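Try each task before reading its solution.

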Amino acid sequence: MNSLTGKHDTFNARVRKVSRLSVDGFPRVQASFYYLAFQDGLPTIDQFVLYLKHRMVTFCIPRRERMHVRAQILADSDEAERLVLEQFEKARDLFIRAKEQQKKAGEPGELILFVLLEWALRAPQLISKMYLKTSAEMPVHGTDGIHVGLHDDGETLLLYWGESKLYGDLPDALDAVFKSVRDFQEDAGKQKREIDIVRDHMDLGDDQQALRDALLEYLDPYSNKANKRRHVFACFVGFDYSRYEQLRKLHPDQVEEEFRKLFDQRAVEAIELLRRRLVADGMEVVNFEFFLIPFPSVKAFRTAFFKHTGIGNAE
């Protein structure tokens with residue numbers, strides 16, 4: 001399945017990993033902490049936005065359609081510029097339409113989660129939820145993304161349900177995550193619809209019939225393979241981090257080292273916040289993969305994203 005993930009090698013230049021921590025008493029939960037790379041002592045917001053802009057097509061446009069366009073380009077390279085631009089414009093229009101149809105859709109957090117799952121976990125996107133969200137025939141109000149991976153044992157299928165939250169306040173963001181997860185767990189109809197979407201609309205391309213058949217077997221409740229299916233909530237949380245402001249007073253050469261020290265402590269505090277929320281919601285047997293990234297200002301980041309991608313107003 002790794003061959004289905006996009007090439008995100010250059011993402012290493014955009015983010016740095018601080019730590020990957022477990023939550024005491026919750027062995028099913030892992031949390032990874034990242035931050036945006038610094039340049040001359042400042043976080044590289046614009047470069048991060050540019051990276052996301054260049055990933056909009058692979059996030060929004062189904063694999064089959066992208067492969068068709070690639071074949072057209074190989075057949076007639078003179079048409080490459082037009083075809084590439086058309087695909088980007090289509091992806092941008094899908095974001096715009098999603099924002100118009102659903103207040104919380106079309107957010108950059110969904111795109112960040114997509115990249116993190118493919119880059120950090122090598123878990124390819126199974127379905128373009130952005131593409132489905134904008135279909136009048138099939139409204140989709142479930143998770144923010146659906147990805148798939150294989151456990152280290154080589155047998156257990158990992159089905160990732162995506163949740164993304166961009167909030168100014170970290171506790172509020174985590175509250176929103178757990179509310180979404182709890183609502184999903186308590187709504188059997190919503191769970192069934194998501195499985196049906198996977199079964200009926202998985203986007204693997206035209207040359208992956210064997211993989212499609214294997215995945216369908218994991219989704220068949222009457223198959224032994226279904227017992228080897230594990231559901232994981234993959235949650236991206238972006239939040240404001242006030243320490244960026246005090247770092248502006250330091251010499252550029254000192255900034256990143258000092259930031260890592262401060263953020264190491266924030267990560268420990270965040271783990272305790274997670275533990276308390278997990279206890280309060282009784283989620284001892286729920287699998288989680290958290291990705292947390294701090295921003296100088298979530299609001300400013302969203303504004304920059306919508307401006308530079310041409311999607312429009314951030315509100």
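**Exercise 1. Determine the handedness with which α3 passes α4, then describe how the two helices are arranged and what joins them.**

Solution. Start with the handedness: in this predicted model, the crossing of α3 past α4 is right-handed. Next, take the geometry. Two packed helices are described by the angle between their axes and the distance between the axes. Here the axes of α3 (residues 63-75) and α4 (residues 80-101) come within 9 Å, with a crossing angle of roughly 165°. Angles over 145 degrees count as roughly antiparallel, and α3 and α4 are therefore roughly antiparallel to each other.

Now list the residues that touch. From α3 come Glu-65, Arg-66, Val-69, Gln-72 and Ile-73, and they meet Ala-80, Leu-83, Val-84, Gln-87 and Lys-90 of α4. Sorted by class, this contact of α3 with α4 holds 5 nonpolar, 2 polar and 3 charged residues.

**Exercise 2. Work out how α5 and α12 are oriented to each other, and sort their contact residues by class.**

Solution. First, find the axes: those of α5 (residues 108-120) and α12 (residues 298-309) come within 10 Å and cross at roughly 85°. Second, apply the cut-off: 65 to 115 degrees counts as roughly perpendicular, so α5 and α12 are roughly perpendicular to each other. Pro-108, Leu-111 and Ile-112 of α5 are in contact with Phe-301, Arg-302, Phe-305 and Phe-306 of α12. Finally, the classes: the contact of α5 with α12 has 6 nonpolar residues, no polar ones and 1 charged.

**Exercise 3. Locate Asp-40 and Arg-122, and give the phi and exposure of each.**

Solution. Keep the background in mind: most residues other than glycine have a negative phi. Asp-40 has a positive phi, near 55°. Asp-40 lies in the loop between β3 (38-39) and β4 (42-43), and its relative accessible area of 61% makes it exposed.

Now for Arg-122, whose phi is positive and near 55°. Arg-122 sits in the loop between α5 and β5 (125-127). With 32% relative accessibility, Arg-122 is partly exposed.

Methods:
Residues numbered from 1 in each chain as written. Predicted model: local features only at pLDDT ≥ 70, side-chain atom pairs only at ≥ 80, totals over all residues. Heavy atoms only, no water. Axes fitted to C-alpha atoms, helices over the stretch in contact; angles between N-to-C directions. Helix = DSSP H or I, 4+ residues; strand = E, 2+ residues; numbered from the N terminus. Parallel < 35°, antiparallel > 145°, perpendicular 65-115°, else oblique. Left-handed = near helix turned anticlockwise from the far one by under 90°. Contact = heavy atoms within 4.5 Å. Nonpolar A, V, L, I, M, F, W, Y, C, P; charged D, E, K, R; others polar. Buried < 20%, exposed > 50% of the residue type's maximum accessible area, 1.4 Å probe, protein only.
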